[in-house]
Amino acid sequence: MTRRKRRYERRKAAREAKRAAFLAKYDNYDLVCDRNNLFAAADMAKKHVMWKGTVQRWSIEQLLNTEKLYRDLKAGKDVRRGFAKFKVCERGKTRNISAVRFYERVVQKALCKYVLYPVYTKSVLFDNAASQKGKGTKFAADRMIRHLSRHFNRYGQAGYAVLVDFKGYFENIDHDVAKEIYRQKFKDKRLLKLIDDFIDAYGVKGLGLGSETSQMHAIYYPNKIDHAIVETHGHDKVMFGRYMDDSYILTREKKTAIRMLDKIRDWCRRLRITLSPKKTMIVRIKDGLKWLKTIFYLTATGKIIKKPEHKSVVRERRKLKKQINLLRGNALGKAELTQSFESWAGSMKRRNARLSVWNMRRFLWSIMS
């Protein structure tokens, strides 16, 4: 064995030992059922929902409820309490929500805060922007701008983008695959059973919206796809970003884009998820990229323009007309209508949409006057 080979083996062994020590720190069921952790998790779970009666009743006797929850977890009892199911229409799309009861939500908060989050986020790529501290849609949009600027400095407007979207992502996540993924991280049988119970609560397939554990599993589920893309081609040839089930890849050559899309399809077969045939495509960068309800244009001078999706402007105009009819029928107050409109106008400040906002505001003034 050469000197270089021995040095490589020593460094590899040191990395493996460091990784094993890190995982052993969080591979512990007692982190979830610790009294202090459960009490702190309840405080975090109460934020922004203190108006609910169930949360208020929990808060009145929080010490007693925490002790009961601790004993149930220690005894290995099932802490699941079913779901409150309802539908939410978001940007014209109906979503089925399965919200967990507060008793169960406290356990999920402790599980995510003290076990899943530190382990999962340790190995996800920096450009994976969903449901992580300091990240979000603004972070994802800023990274897209950064990547487009870097691409322009290297290749100008020439190049292609692979836009990836998973079809019915949450409802099509395979339970067996998900369980195998986190079994590569955790070995504690009690911890594995707790996570299995939260996943199996949704039936034989899919995860539900409204559960924090579902969010964490959904972030980490396609992590191997992300690493396969970046590690195979390197940061010099491709630039990558993902927000939950929406991804993009920027590259110079079209053949590289086609090859990467084939690799993604291969990984999707292994993970038993499917790509959306309408939203997954290869486009030219200079024609504009539609991502996270925003269209990014890279101009010939290198300037990046962010325009709102046309559907979102049309949807807001229709919503405004309905609200004006409610206002005329005294079913809606003028302050509520103004607050709703200003909320939309504030979201447009992150985009180059001054003219769209002004036209919408002028339309509102003309009717209200």
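User: Start with H9. Which residues in H9 are buried?

Analyst: In H9 the buried residues are Thr213, Ser214, Met216, His217, Ala218, Ile219 and Tyr220. Keep in mind that this is a predicted model.

User: How enclosed is H9 by the rest of the structure, and why?

Analyst: H9 is largely enclosed by the rest of the structure, because 7 of its 9 residues are buried.

User: Tyr220 is in that list. Which residue does Tyr220 form an aromatic pair with?

Analyst: By the ring-centre rule there are 11 aromatic pairs. In one of them Tyr220 is stacked with Tyr120, at 4.5 Å centre to centre and 5 degrees between the planes. The pair links distant parts of the chain, with Tyr120 in helix H5 (residues 102-123) and Tyr220 in helix H9 (residues 212-220), 100 residues apart.

User: Are Tyr120 and Tyr220 buried or exposed?

Analyst: Tyr120 and Tyr220 are both buried.

User: What about Glu212, which residue does it form a salt bridge with?

Analyst: Glu212 forms a salt bridge with Lys109, and the closest N and O atoms are 3.2 Å apart. Since Glu212 lies in helix H9 and Lys109 in helix H5, the pair ties together parts that are 103 residues apart in sequence.

User: Where do Glu212 and Lys109 fall on accessibility?

Analyst: Glu212 is partly exposed at 28% relative accessibility. Lys109, at 18%, counts as buried, because the limit for buried is under 20%.

User: How many salt bridges does a search of the whole structure find?

Analyst: The search finds 23 salt bridges. Among them is Asp72 with Lys77, where the closest N and O atoms are 3.9 Å apart. Asp72 counts as buried at 9% relative accessibility, whereas Lys77 counts as exposed at 53%.

User: Now H11. What do Arg270 and Asp266 do there?

Analyst: Their side chains meet in a salt bridge, 2.9 Å from N to O. Arg270 and Asp266 both lie in helix H11 (residues 254-271), 4 residues apart, which is about one turn of the helix. An α-helix has 3.6 residues a turn, so residues three or four places apart point the same way. Asp266 counts as partly exposed at 28% relative accessibility.

User: And which residues do salt bridges that share partners join into one network?

Analyst: Asp30, Lys74 and Arg190 are joined into one network by such salt bridges.

User: Switching to the surface. Which residues form the positive patch?

Analyst: The positive surface patch is formed by Arg3, Arg4, Arg6, Arg7, Arg10, Arg11, Lys12 and Arg15. Arg3 is found in helix H1 (residues 3-26), and it is exposed, with a relative accessible area of 72%.

User: Which residues make up the nonpolar patch?

Analyst: Leu355, Trp358 and Trp365 form a nonpolar patch on the surface, with about 360 Å² of accessible area together. Trp358 lies in helix H14 (residues 354-368) and counts as partly exposed at 39% relative accessibility.

User: Last, the overall picture. How many helices and strands are there in the protein chain?

Analyst: The protein chain has 14 helices and 9 strands. Its C-alpha atoms fill a box of roughly 65 × 65 × 30 Å, taken along the principal axes. Of the 369 residues in the protein chain, 45% are buried.

Methods:
Residues are numbered from 1 along each chain as its sequence is written. This is a predicted model: local features need pLDDT of at least 70, side-chain atom pairs count only at pLDDT 80 or more; totals for chains, interfaces and linings use all residues. Side-chain values use heavy atoms; hydrogens and water are left out. Patches are made of residues with over 30% relative accessible area and no salt bridge: like charges are joined within 9 Å, nonpolar side chains (Val, Leu, Ile, Met, Phe, Trp, Tyr) within 5 Å. Accessible areas come from the Shrake-Rupley method with a 1.4 Å probe; for residues, only the protein chains shown count as cover. A salt bridge is a side-chain nitrogen of Lys or Arg within 4 Å of a carboxyl oxygen of Asp or Glu. Lys and Arg count as positive and Asp and Glu as negative; His and the chain ends are not counted. The place of a charge is taken as NZ of Lys, CZ of Arg, CG of Asp or CD of Glu. Helices (H or I, at least four residues) and strands (E, at least two) are DSSP runs, numbered from the N terminus. Buried means under 20% relative accessible area, exposed over 50%, partly exposed in between (1.4 Å probe, protein chains only). Rings of Phe, Tyr and Trp (its six-membered ring) pair if their centres lie within 6.5 Å; planes under 30 degrees apart count as stacked, over 60 as edge-to-face and the rest as tilted.
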